[in-house]
Amino acid sequence: MNLQQFRFVRETIRRNFNLTEAARSLYTSQPGVSKAIIEFEDELGVRIFERHGKRLKGLTKPGQAVSAVIDRIMREVDNLKKVSDEFAQRDEGSLVIACTHTQARYLLPRVIPAFRARFPKVHVSLAEGNPEHLARLVLHEQADLAIATETLAQTPGLVALPVYAWEHTLVVPPDHPLTGLTSSAARNLSLEHLARYPIVTYDRAFSGRRAIDAAFERAGIEPDIVLEAIDADVIKTYADIGLGIGIIAGMAFDPRRDKGLVGLPAGHLFGRHTTSVAIKRGVFLRDFVYVLMEMLAPELSRDVVAEAVAQPAPPVRDAA
């Protein structure tokens, strides 16, 4: 057995058992991947994959155990490469940050210039997507870390650490009826009052949308959500033209920049949320990754992050 066979098995699982996609991502031929997997299975004396004809359909029970071992081996191989890079090229390399549009637009511009000033030879890439996709990127080591509000803390294999807390803000044009509320009335605006108007807000995978839906559901109210979007800039655009009340993450509203809109607090309606940064459990982190995390949140010191990454995964509880 060899590392190439391990890579072929791991990539086939990652590509949902599609040998053609696995071969393409590995820059090799589909027959070559298939042959290497069969030879590996023969060498082990067990079948790793369930098959239907020539197609792979899933993992066998021994295949699940083999997959877990391969993941550990390949993680340590990748760690060896990172250790080598850390000591041979300490301040050079690449950093892939998986993030939602909100984090890319409003959080990271406060951090990346300072990071680049400190590590000018580190190439930084942003990989944007929904939180579930970002989690997969980190798990598959296609990104070094992920920043999002949802999903990360619930994803097995990831360590999620808090970066900052935030609340939603309502955005409306200056001539909207809600702008006539007193400060006290705005802070006590009810869901019933809000539901009188059409609403523009996030797609269900982004920025606390689950909390918005849950709040209305608890109140027994069905809101008139006329448009869903993946980023706050689009929501603000449609709120500005009067399509509906925009509900966005508070950090995405700046009165100096968004002069055509008025912001109203909505934390009392939809609660307080935490944006987290997630890294893969057990990985070796380059020095500049530790620095970036401390730039994101000063309390995320190297010792705090290293201890969290080294912690064993919590046991999976069986359903009652």
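Among contacts (heavy atoms within 4.5 Å) in the protein between residues at least 6 apart in sequence, 72% join residues at least 24 apart. This is a predicted model, in which local features need pLDDT of at least 70, side-chain atom pairs count only at pLDDT 80 or more, and totals for chains, interfaces and linings use all residues. Residues are numbered from 1 along each chain as its sequence is written, and side-chain values use heavy atoms, with hydrogens and water left out.

Reader: Why is Lys236 called buried?

Author: Buried means under 20% relative accessible area, exposed over 50%, and partly exposed in between (1.4 Å probe, protein chains only). Lys236 has 6% relative accessibility, and therefore counts as buried.

Reader: What does Lys236 touch, not counting residues up to four places away in sequence?

Author: Lys236 touches Tyr106, Val171, Ile248, Ala252, Arg257, Asp258 and Leu261. Lys236 itself lies in helix H11, residues 232-240; helices are DSSP runs (H or I, at least four residues), numbered from the N terminus.

Reader: Why does Val234 count as partly exposed?

Author: Val234, also in helix H11, has a relative accessibility of 31%, so Val234 counts as partly exposed.

Reader: Which residues make the nonpolar surface patch of about 390 Å²?

Author: Val226, Val234, Tyr238, Ile241 and Leu243 make the patch. Patch residues have over 30% relative accessible area and no salt bridge; like charges are joined within 9 Å, nonpolar side chains (Val, Leu, Ile, Met, Phe, Trp, Tyr) within 5 Å. A salt bridge is a side-chain nitrogen of Lys or Arg within 4 Å of a carboxyl oxygen of Asp or Glu.

Reader: How much of the protein counts as buried?

Author: Of its 320 residues, 45% count as buried.

Notes
Helices (H or I, at least four residues) and strands (E, at least two) are DSSP runs, numbered from the N terminus. Accessible areas come from the Shrake-Rupley method with a 1.4 Å probe; for residues, only the protein chains shown count as cover.
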